[in-house]
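Colleague: Before we discuss this model, could you put the sequence and the structure up, so that I can ask what lies behind some of the labels?

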Amino acid sequence: MNISLNWLATHLDLTGKSIQEIDDLFTFAGVEVEGIVIKGITSDKIVVAQVMEAVQHPHADRLKVTQVDAGEGSLRQIVCGAQNYQVGDKVPCALPGTALPGGFTISETVMRKVESRGMLCSAAELGLQAGEDGLLILPPDSQIGKPLMEMFDSDVLLELEVTPNRPDLLSHRGMARELATLLKTPLQPLDLPSRSVGVSPTSAIRIAAPTACPLYTAVRITGVTVQDSPAWLKQRLESIGQRPINNIVDVTNYVLHELGQPLHAFDAAKLSGGIVVRHAVEGEVFLALDASQHILTTDDLLIADASGRALALGGVMGGADSGVTAATTDILLESAYFTPSGIRRTSRRCCLSSDSSYRFERGVDPAGVLAASALAVKLILETAGGSAEVANLTAGEAPVLTRPVALDVAKLNQLMGSSISLPDAEAILTRLGLTKLADATWEVPSFRADLQRHIDLVEEIARVHGLDKVPSRLAGTFVPASASDAAYDADMVLRRRLAALGLYECQTIKLIAGHQVGDSLMARPLLDGDLIRVKLPLSEDHAVMRPSLVPGLLASAVRNVGQQVKSLRFFELGRVFRNAGGGKARDQESDALAILLAGPTEPFGWAQTQRDADMYDLKGVLSALLGGREIRFSPKDRPGFVLACDIKLAGQVVGVFARLAPARERELDFTAPVYVAEFDLAKLRKLLGGIQHVVDLPLFPGSSRDAAMELPLTTANAQIESVIDKAAEPLLVACECFDVFTDPTGVKLAVERKSLAYRFHYRASERTLKSDEVDAAHQRLLAALTSQLGVKFR
């Protein structure tokens with residue numbers, strides 16, 4: 001909501017209060033200030049100056065060096081680039097220290113080797129309406145040295161966010177009332193005219209839906225002239241970003257923002273008979289002022305005439321065929337109270353919102369209905385002429401939404417830490433508009449329907465008194481680290497490492513579609529009954545609690561492929577769900593980590609060779625993620641995937657690795673192989689726990705030996721690594737396979753055989769190894785391979 005500070009100042013004295021003070025008062029009282037827009041000139045350092053001399057800048061063709069009289073007793077030198085002024089003109093001069101709109105602060109400077117002690121300004125640079133290019137030329141009779149803020153109107157627009165429980169703040173009067181309470185400043189009394197109130201005959205106003213509209217009032221004004229609003233009214237509306245329309249509509253908008261009570265003016269000539277407030281007929285069509293068409297239900301409230309024709313959607317928006325136009329001479333002015341829940345329901349369902357519905361759906365002051373109507377009648381007669389009926393016609397009664405509330409003094413002292421005395425607390429309630437009754441309860445004003453319980457009064461006292469003044473009774477206590485803290489820390493380590501490796505974190509929904517279950521990758525295969533299905537899913541896409549993170553990652557990857565993303569690097573940490581033992585145990589939950597790689601490993605460029613990610617890239621990511629620990633892949637088939645393996649670390653299965661089946665890749669429109677892995681996060685946390693020890697660099701050199709071996713084509717590398725591990729050669733520090741040779745023709749090597757070349761690294765930590773020691777260790781390792789795998793060395 002927008003609030004004009006000048007408009008606010010008509011309700012209370014703000015002299016001496018800075019914008020920052022007002023901002024702080026609203027913020028600490030629970031009204032969020034979302035923005036501050038300064039309009040016009042607010043600095044007293046921008047003054048009238050007369051150009052006494054202007055000569056060409058010695059080092060710049062488009063600049064001039066001027067001498068100006070700013071009323072300081074001596075001339076001031078300023079470099080200026082404008083061309084529309086002459087010697088003798090009076091122009092705005094921003095002195096050093098001036099803060100101009102946009103956050104630009106003027107200071108003394110040197111421009112092209114010439115000193116400049118200020119700035120001559122254009123209208124746009126001052127935040128005024130832009131005119132001709134160049135400096136703002138002031139009237140010749142302007143007083144030299146006079147601050148321009150005294151010559152031009154200025155204002156400050158506050159953009160405020162009001163909580164839904166405080167509809168009383170949705171007007172300048174409401175905000176002024178709040179600010180007066182905080183500042184302990186008297187509120188200026190409203191000069192509202194008094195009007196007679198008459199009970200309307202049913203032929204004039206009939207309420208057929210009293211629950212939705214407890215009170216409806218109307219007054220007929222005849223002989224009006226619809227024209228432009230006077231300047232003061234336009235200025236008020238424009239100051240808060242409203243567009244003036246005509247005097248009748250502008251008055252209703254002004255009263256809404258002045259008092260918070262929405263009004264509506266009908267063209268009386270377009271009405272047939274009296275007003276009927278009724279519910280819509282199912283399927284009834286309504287054409288709104290904004291030309292939008294809506295099909296209504298019986299929950300929607302309509303303002304209709306005696307013929308049944310809909311004139312307005314009650315509390316939301318007027319109709320296109322009943323509004324005021326330039327030809328209007330007679331109007332019917334509506335002021336009513338509508339039940340908030342009904343307005344809120346209609347506004348949401350029709351996707352139709354207005355300033356009126358925004359206030360009605362939060363609740364307006366029932367006691368303000370007639371006062372707002374009286375002010376509007378007065379202003380319409382002043383701006384449009386005509387004559388009004390002597391009395392407002394009313395139907396129904398204003399609901400009473402408040403009741404006396406007792407202040408629990410003991411609770412007040414307990415919650416406030418005895419930081420405020422009872423007289424001071426009662427003074428705050430009085431400033432808020434409450435009245436103390438004889439039985440020590442407090443009568444709540446009609447505009448504060450949110451004050452229903454004693455704790456509401458305590459909250460108001462604390463808010464106005466200042467929460468910073470309530471003493472803290474309990475200092476922070478030490479809490480030892482828990483298992484949850486350790487798990488969180490371990491997860492953050494994993495996230496940071498994966499992000500550093502170039503992967504992007506995904507967060508997918510925990511519900512998947514039934515057809516996605518086939519994409520699940522788990523260490524333990526699913527059995528019948530293991531899936532946890534949602535009994536009443538919102539849609540088919542959210543029918544199953546995910547047993548694996550991989551389906552969600554694949555869905556994210558598919559969306560990225562649809563956006564022409566080539567390189568896919570994703571990971572997710574989250575919870576997975578399944579029953580155990582085919583449904584014999586219920587609702588097992590565990591944490592998992594999933595990784596997906598696909599597409600080019602390097603950005604496209606003339607110097608790079610394009611290569612798609614493969615299983616070794618994923619293995620490298622896993623190795624880096626786990627701090628260089630040795631990872632082993634143990635082949636194990638899984639439906640829907642190829643190259644499936646268990647991931648083993650220190651002999652323990654910690655996860656699963658696989659490539660998506662090519663047929664499934666084509667089905668999902670992937671153009672490159674997709675590799676995925678899923679880990680048991682609890683096991684990874686244990687491996688990452690504890691102190692990470694740093695290994696010293698070796699002090700003594702090592703030695704390497706190569707070995708080329710011939711063995712059956714079906715022998716897996718994991719078998720070779722297993723034999724090497726079991727040999728437990730103390731001098732062996734590392735080994736790797738660096739060559740693989742097969743011959744499909746069978747000429748150089750039998751078709752069923754393959755040749756592998758390994759490099760073995762030997763080192764002792766306490767001495768330099770001799771050649772004989774290295775050879776002996778190497779032969780022991782080769783002998784183990786020969787005896788257990790039957791390899792032949794070449």
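Modeller: This is a predicted model, and I would begin with Leu643, which has a relative accessible area of 45%.

Colleague: Why is Leu643 called partly exposed?

Modeller: Buried would need a value under 20% and exposed one over 50%; Leu643, at 45%, is therefore partly exposed. Leu643 is found in strand E36, which covers residues 641-649.

Colleague: Where does Ala291 lie, and how do you know whether Ala291 is buried or exposed?

Modeller: Ala291 lies in the loop between strand E18 (285-287) and strand E19 (293-295). Its relative accessible area is 59% and exposed means over 50%, so Ala291 is exposed. Phi of Ala291 is also positive, near 75°, again in a residue that is not glycine.

Colleague: Which residues touch the most other members of the largest nonpolar core?

Modeller: That core has 35 residues, and those touching the most other members are Tyr216, Phe266, Ile275, Val277, Ile303, Leu313 and Phe338. Among the elements that each supply at least two residues of this core are strand E15 (215-222), strand E23 (331-337) and helix H6 (340-350). A second, separate core has 28 residues, including Leu593, Leu625, Phe633 and Tyr675.

Colleague: What does Leu313 touch, leaving aside residues up to four places away in sequence?

Modeller: With those left out, Leu313 touches Phe286, Leu296, Asp300, Leu301, Leu302, Thr346, Cys350 and Leu352.

Technical notes. Residues are numbered from 1 along each chain as its sequence is written. This is a predicted model: local features need pLDDT of at least 70, side-chain atom pairs count only at pLDDT 80 or more; totals for chains, interfaces and linings use all residues. Side-chain values use heavy atoms; hydrogens and water are left out. A nonpolar core is a set of buried Ala, Val, Leu, Ile, Met, Phe, Trp, Tyr and Cys residues joined through side-chain atoms within 4.5 Å. Buried means under 20% relative accessible area, exposed over 50%, partly exposed in between (1.4 Å probe, protein chains only). Helices (H or I, at least four residues) and strands (E, at least two) are DSSP runs, numbered from the N terminus. Contact means heavy atoms within 4.5 Å.
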